Amino acid sequence: MEPLIKVRDLTKDYRIVKKREGVTGGLVDLVRPRKETLRAVEQVSFDIPPGEMVGYIGANGAGKSTTIKMLTGILTPTSGTVTVGGLVPWKQRLQYTRHIGVVFGQRTQLWWDLAVVESFNLLKKIYEVDDATYKRQMKIFDELLEIGQFLHQPVRKLSLGQRIRCDLAAALLHRPKVLFLDEPTIGLDVLAKENVRVVLREICESEGVTVILTTHDLGDIEQLCRRVIIIDKGLVHFDGDLDDLRKRVGRLVRMKIELRDAATSAELAAYTAGLPVTWEQGEGLLHYAEFNRVEVPGAEVIKRLVNERHVHELHMEEPAIDEVVREIYRQGGRDAS
């Protein structure tokens, strides 16, 4: 399948002034400012086919937002190329913006003092959305996002969760081919986050929208994305399936065991003596064992345990994605914590 988004050797440099200390230093800076180059993104390359939802993640200062700003046409790169549907974002901005939607979790594209519906009406005119499409989209948004109840409230009166839902609707009003989401669930409570995730899944599947998602909430990645791109210090360190990411750092698993009778972690550790297994005592009859499947077959741990104790229930848990990402950084000589 032909990629919808093509990124090749994308690089962005900033020229910054390094300030001297004190009043004298400030005066010298006026005459001879010290400038240096900061590289925010370095030779980033990837392809994204139509309809894929990709998680683009990294620590603060990794280069995520700079990349998104270049992909949306807000910034012009120092070097490299980007085409989205055959268009160059920063060269064909007027034509390009008709095909993309953007949601910045910390900023809104709605007019602060206007009723929500007035913002939608303005966006309808800006994007030249016909009446039939507008009515259809508003009906979908009311069904999925439940925005009908506060359409006539000023944006400034909305809660954060309500405002994010309206921003999602505004970004999708003109049926874009590509949706850029920058921290769309930031600051939301657990229920509001889940509602936003459900809506994103449903809309993207039904409309076939291509999505690039940047977030610090790795729950978003686990629930929405199959493919992950990890960036650090402007460089791409991983680009592949979420399962492949876990495999790359080993298969660390956590086994949850509920016994039928009481035991100590020291007793259980004795059963797996000689194996690199770490035991942790839980509440009541619960115990937890951690080990790497590459080093220790799970069947061996289970066999040793059931030969000695009566097991009521056993469950294997894969590592959380944030632990996997930190391990990727550690492998690269960096600590993301």
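Student: What should I know before I start?

Tutor: The model is predicted, so local features need pLDDT of at least 70 and side-chain atom pairs count only at pLDDT 80 or more, while totals for chains, interfaces and linings use all residues. Residues are numbered from 1 along each chain as its sequence is written, and side-chain values use heavy atoms, leaving out hydrogens and water.

Student: In what order do the strands of the open sheet come?

Tutor: General idea to begin with: strands of a sheet pair through backbone hydrogen bonds, either parallel or antiparallel. Helices (H or I, at least four residues) and strands (E, at least two) are DSSP runs, numbered from the N terminus, and two strands pair if DSSP finds at least two bridges between them. Here, six strands make an open sheet with mixed pairing, in the order β5-β6-β7-β3-β8-β9. At the edges sit β5 (100-104) and β9 (235-241), each pairing on one side only.

Student: How many bridges join β8 and β9?

Tutor: Six bridges, in the antiparallel sense, with β8 covering residues 227-232. Take I229: its bridge partner in β9 is D239.

Student: Which strands does helix α2 touch?

Tutor: For touching, contact means heavy atoms within 4.5 Å. For angles, axes are lines fitted to C-alpha atoms (for helices, over the stretch in contact), and angles run from 0 to 180 degrees between N-to-C directions. Helix α2 (residues 64-71) packs on the sheet and touches β3 (53-57), β6 (178-182), β7 (210-214) and β8; its direction makes about 150° with that of β7. Then there's helix α6 (residues 160-172), lying across β5 and β6 and running at about 165° to β5.

Student: Is T66 buried or exposed?

Tutor: Buried means under 20% relative accessible area, exposed over 50%, and partly exposed in between (1.4 Å probe, protein chains only). T66 lies in α2 and has a relative accessible area of 12%, so T66 is buried. Leaving aside neighbours within four places in sequence, T66 is in contact with K12, Y14, A40, V41 and L75.

Student: And where is Q153?

Tutor: Q153 is in the loop between α5 and α6. At 29% relative accessible area, Q153 counts as partly exposed. Not counting residues up to four places away in sequence, Q153 touches L114, A115, V116 and L158.
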